[in-house]
Each structure stands twice: as C-alpha cells, then as structure tokens.
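Q: Please take a close look at one part of this structure and describe how that part is built into its surroundings.

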Amino acid sequence: MPKASVKRLIERDKKTLINFVLDIEKYPEFIPFCIDSKVYEKKEDNYCTKIIADLTIGKKPFTDTYKSDVTYYKKNDQIHVT
C-alpha cells in the first residue's frame, strides 16, 4: 500500500495548530482540493480525543475518499493521524 509523509515547520503556537487540526469539519474551507469532510465518531475524555472521519479529495470527476483516525493526547499535546 502506498504511503506518503510530509514534514513542515509552521510558525504558530502549538495550541492554535492543535485546534486547527482537530476542526476536521472545516477542512473544505481551507485545504485545496478537499471537497468534503465528515466526522463519524468523536470521543473525548480527560486524557485524549479520538476522531474517525472521511475526507474526500480531488477535482471532479477524479475524487477519492480517505478514512482518517485522529488521536489527540492532551497530556503531552501530541496528535497521531492514520
């Protein structure tokens, strides 16, 4: 299965970036070629936030939908996305 990895330095405070990443419903407003986003499940407790969502990327008629599993660990402010 193909994989992709991207690393970039973004000059913003960490909390702003975390909130930005976790606001999946708004991705089509600012991510190029993101046609739709849908959150299926969001669970939150004192330790972490878990989100399962679909992102539809492309330009019609060439589109594809990807499942994202996002876990935000509150204690150390880390996000893991698969």
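A: **The hairpin and its sheet**

A hairpin of three residues links strand β1 to strand β2; helices (H or I, at least four residues) and strands (E, at least two) are DSSP runs, numbered from the N terminus. The model is predicted: local features need pLDDT of at least 70, side-chain atom pairs count only at pLDDT 80 or more, and totals for chains, interfaces and linings use all residues. Residues are numbered from 1 along each chain as its sequence is written, and side-chain values use heavy atoms, with hydrogens and water left out.

Strand β1 (residues 34-44) pairs with β2 in the antiparallel sense over nine bridges; two strands pair if DSSP finds at least two bridges between them. Lys-38 has Asp-54 in β2 as its bridge partner.

Both strands belong to an open sheet of four strands, ordered β1-β2-β3-β4 with antiparallel pairing. Strands β1 and β4 (78-81) stand at the edges with a single partner strand each, so one side of each has no neighbour in the sheet. On average, neighbouring strands of this sheet are turned by 20 degrees against each other, direction ignored; axes are lines fitted to C-alpha atoms, for helices over the stretch in contact, and angles run from 0 to 180 degrees between N-to-C directions.

Helix α1 (residues 14-22) packs on the sheet and touches β2, β3 (62-73) and β4, where contact means heavy atoms within 4.5 Å.

Within strand β2 (residues 48-59) lies Thr-49. Not counting residues up to four places away in sequence, Thr-49 touches Lys-42, Lys-43, Glu-44, Val-70, Thr-71, Tyr-72 and Lys-74.
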